[in-house]
Amino acid sequence: MNKYWGLLLVILVTISCKDDKPVQKEPVQMASIVPIEKPVMKQFGFNLNDFTVQLDTVKRGDSFGELMLQHKVDYPKIAKITQEFKDTFDVRKIRVGKPYLILKSKDTTEAAQVFIYENDPINYTVVDLRDTVKAYKNKKEVTYVEREASGVIESSLSQAILEQGIDYTVTNSLSEVYAWTIDFFRLQKGDKFKVIYKEKFINDSIYAGAGPIEAAYFEHNGRPIYAFAYENDSLKNIVDYFDEEANNLRRTFLRAPVQFSRISSRYNLKRRIRYYGNKIRPHRGTDYAAPKGTPILATADGTVTESTRRGGNGKYVKIRHNGTYSTQYLHMSKQNVKRGEFVRQGDVIGWIGMTGNTSGPHVCYRFWKNGRQVDPLREELPLAEPLDQSLQPEYFNYVNPIKDQLDCMTYPESPVQEDILVEDLASAEK
């Protein structure tokens, strides 16, 4: 019996083997191996893959010469850069905290081939130490994006601008645009502004600051004032700000000799002065209080007639602007001009201090008209020349669509208004 069972098992195995078809294995196709290339890292006009790159910042005590000697640059090359390229790269003016790149050779020496100094986020200087030594300036590629902003003043212009997430430099720019037409020490709650400007970006992503204001609208004490940037002299590349009627916003005098300070004492012929025992003594100046070291600006073009120190005036500067007007700036910590120098409007002529008779840091600003001291805040200061008639048709064609853009801009709602609206809605639901 066992013999038959063994024979049957052999037959079944044979049949099973015949039914099973051999599996056809397809040949394995080997994927072609492509070497992965290192992506090209190009910056400042150089392929960084070709160098060993060292990125650092200037530290206290660093000098260009020492940095180069540390990176195996021959002294003759250092001397040539120092002596022959002062106009392009003054090695004495590298500043602590400024970033720089050193591109070094990939051989065993790792000697510096290129030194790149970043003057600011956009501008940089290249010192090429290979073969013929050379130095040149260049700029990173910058993209400009137009931005609109507006605000209602509750406390100050700077606060209203910061609340909108706007670059603080726009505050300074706006104050410069309206420096002749608006007294920023007398802004009112409810004053409004609209502004059109461009933001700068490096490589389309890295913010690099705000550009000049292109157009603005400021409503001060209910009085609307438009401002449009326009090149009124293409040969000299001069850009001024004009209103919707082509009047120049610039006047012959700035409203104040300092930016963003406060008036601590006004022109007052019957003022009692604590310093003199609370006696009545005429105060023929306007005091602008600000921290010590704040720049003091010439309010108009003119010639320095005095730059000295005398008695209670302390260190001061006096400027003759023309046959009618003169100005004086008292209590400086230090003067920045000398007698006989010609200064332009906005030039720094000194810095706020406490020299002479003063109880705190400020500048006493005095204003003469026809030889008599007057209150500059009450004077109707003369205007600059309007835009030339021949340029006005082109000017109006340029500014009219921009004016429409400003007019269509809206103001942000204040948080107080939003709270009131929410309460009103809640009451309505009840």
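Which residues line the largest cavity? The views below show a predicted model, in which local features need pLDDT of at least 70, side-chain atom pairs count only at pLDDT 80 or more, and totals for chains, interfaces and linings use all residues. Residues are numbered from 1 along each chain as its sequence is written, and side-chain values use heavy atoms, with hydrogens and water left out.

**View 1. The largest cavity.** Phe253, Leu254, Arg255, Tyr365, Phe367, Pro376, Leu377 and Leu381 form its lining. A cavity is a set of points on a 1 Å grid over the protein atoms alone where a 1.4 Å probe fits but cannot get out; lining residues have an atom within 4 Å of a point. The volume, the space filled by probe spheres set on the points, which are joined across faces, edges and corners, is about 40 Å³. The structure holds one cavity of 30 Å³ or more.

**View 2. The largest pocket.** A pocket is an open set of grid points with protein on both sides within 12 Å along at least five of seven lines. The largest pocket has a volume of about 1,100 Å³. Of its 45 lining residues, Glu176, Ala179, Trp180, Leu254 and Gln345 lie nearest the centre. The lining divides into 23 nonpolar, 13 polar and nine charged residues; Gly counts as polar, and Tyr and Cys as nonpolar.

**View 3. Surroundings of Gln335.** The side chain of Gln335 reaches the backbone oxygen of Thr308 at 2.9 Å. Leaving aside residues up to four places away in sequence, Gln335 touches (heavy atoms within 4.5 Å) Ser307, Thr308, Arg309, Lys315, Tyr316, Val317, Ile349, Gly350 and Trp351.

Technical notes
A polar contact is a pair of N or O atoms within 3.5 Å; within protein, one must be able to donate a hydrogen and the other to accept it, and residues adjacent in sequence count only if both atoms are side-chain atoms.
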